[in-house]
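Visitor: I would like a guided look at this model. Please take me through it by question and answer.

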Amino acid sequence: MTDSIDAHVRLDTHPTHPSAVTAVLAGAQARVDTERSAVEARATLDLGAAKPGSPGQEPETVPVYLADTGDHDALLDAFLDAHGEFEKLRTWSDDTTHAIHESQTLRIERVHEAHPRDNAWTVAAYETPVSDRLWHLTMTGTTPAPVLQTLLDRLAEGEVWDFAIGDLATGRAIAQATCALTDAGWQNTVDGRWIRWETTQGDARVQFDAFAARQTAGTLSTWTLWAGPGIDRPAWAVNASAHTLVSLIADLTEELAHGIGTRCQRPRLASAPPAVAPVLPEMRPSPCR
């Protein structure tokens with residue numbers, strides 16, 4: 001039982017606000033209804049902070065294809081601030097941002113509130129401002145930040161659309177685009193029209209569609225890069241049409257093969273088995289360059 005103390009509260013009308021009242025503590029131990037309450041409040045906070053099993057948000061190092069999404073809008077803003085040759089345009093609803101190169105032949109579209117499995121990024125290259133598209137690349141909004149950063153860095157170099165259209169179905173082009181995956185030990189399989197590379201853990205894949213590569217319209221995805229249980233349920237995905245610059249695909253696959261990133265650890269339940277540490281790629285210069 002809590003001991004009683006010599007203290008009481010006196011209520012009175014506020015001298016300048018008749019609708020309000022004042023409360024005055026009186027008695028020999030008036031300072032004790034306040035100090036005790038403060039101590040109890042601090043103890044409650046301390047117990048909450050020290051409660052065992054509280055989930056943390058400590059970042060862990062993981063292969064780049066398992067890294068956090070990060071802030072895509074912040075990456076776009078930083079890209080535009082650093083590259084004045086791109087003009088930023090917003091749609092009337094502010095749902096979409098367009099970044100257009102001063103040549104009018106390279107355009108980036110960013111949909112800010114896209115569904116995680118829908119395309120949040122589209123990059124399109126043109127031979128002239130009024131010509132048909134040479135190639136296009138799409139990316140979901142859940143794509144890891146380092147992969148998006150690699151794409152933006154490559155676009156900033158200014159030569160991703162200034163090239164002669166080639167035949168991506170050649171063995172040499174495919175080998176160049178996937179050299180880093182082979183070097184990193186990704187498993188290579190052929191299934192009819194599809195050539196695939198995947199990690200030994202099966203948690204990330206790259207696919208080349210030979211049939212799509214031969215289509216003159218270039219509307220089908222020739223290259224697909226993704227992580228997750230399957231191509232129909234990806235955690236994130238990048239799709240590129242035929243005639244996308246081979247070196248651009250090579251930069252992205254090299255990032256998947258050798259890059260690392262960070263991910264906030266997910267809370268662990270007491271009954272759950274211990275998480276298996278991800279296998280990090282070996283950091284070494286790629287022989288593909």
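Visitor: Which residues in H3 meet which residues in H6?

Guide: First, the ground rules: this is a predicted model, with local features needing pLDDT of at least 70, side-chain atom pairs counting only at pLDDT 80 or more, and totals for chains, interfaces and linings using all residues. Residues are numbered from 1 along each chain as its sequence is written, and side-chain values use heavy atoms, with hydrogens and water left out. Helices (H or I, at least four residues) and strands (E, at least two) are DSSP runs, numbered from the N terminus. From H3 come Pro 146, Val 147, Thr 150, Leu 151 and Arg 154, and they meet, in H6, Ser 247, Leu 248, Asp 251, Leu 252, Glu 255 and Leu 256.

Visitor: How do the residues of the contact of H3 with H6 divide?

Guide: Contact means heavy atoms within 4.5 Å. Ala, Val, Leu, Ile, Met, Phe, Trp, Tyr, Cys and Pro count as nonpolar; Asp, Glu, Lys and Arg count as charged; the others, Gly among them, are polar. The contact of H3 with H6 divides into six nonpolar, two polar and three charged residues.

Visitor: At what angle do H3 and H6 pack, and how are they directed to each other?

Guide: Axes are lines fitted to C-alpha atoms, for helices over the stretch in contact, and angles run from 0 to 180 degrees between N-to-C directions. H3 (residues 145–156) and H6 (residues 246–258) have axes 10 Å apart and an angle of about 150 degrees. Angles over 145 count as roughly antiparallel, under 35 as roughly parallel, 65 to 115 as roughly perpendicular and the rest as oblique. H3 and H6 are therefore roughly antiparallel.

Visitor: Leu 252 lies in H6. Is Leu 252 buried or exposed?

Guide: Buried means under 20% relative accessible area, exposed over 50%, partly exposed in between (1.4 Å probe, protein chains only). Leu 252 has a relative accessible area of 2%, so this residue is buried.

Visitor: With which residues is Leu 252 in contact, leaving aside its neighbours within four places in sequence?

Guide: Leu 252 lies in helix H6. Its contacts beyond those neighbours are Leu 137, Val 147, Thr 150, Leu 151, Leu 225 and Val 238.

Visitor: What is the strand order of the open sheet?

Guide: Two strands pair if DSSP finds at least two bridges between them. Here the pairing is antiparallel. Strands S4 (86–90) and S9 (187–191) are the edges, each pairing on one side only. The ten strands run S4-S5-S6-S7-S8-S13-S12-S11-S10-S9.

Visitor: Why is S13 largely enclosed by the rest of the structure?

Guide: On one side of S13, Trp 236, Val 238 and Ala 240 are buried; on the other, Ala 237, Asn 239 and Ser 241 are buried. S13 (residues 236–241) is largely enclosed because six of its six residues are buried.

Visitor: Which residues stand opposite Ala 240 and Ser 241 in S13?

Guide: S8 (residues 133–140) joins S13 by three bridges, antiparallel. S12 pairs with S13 over six bridges, also antiparallel. Opposite Ala 240 stands Leu 137, and opposite Ser 241 stands Ser 221.

Visitor: Which residues of S6 form its uncovered face?

Guide: In a regular strand the side chains alternate between the two faces of the sheet. The covered face of S6 (residues 106–111) holds Leu 106, Ile 108 and Arg 110. The uncovered face holds Arg 107, Glu 109 and Val 111.

Visitor: Which residue in the turn between S5 and S6 has a positive phi?

Guide: S5 (residues 96–101) and S6 pair in the antiparallel sense over five bridges. They form a hairpin with four residues between them. The positive phi, about 70 degrees, belongs to Gln 104.
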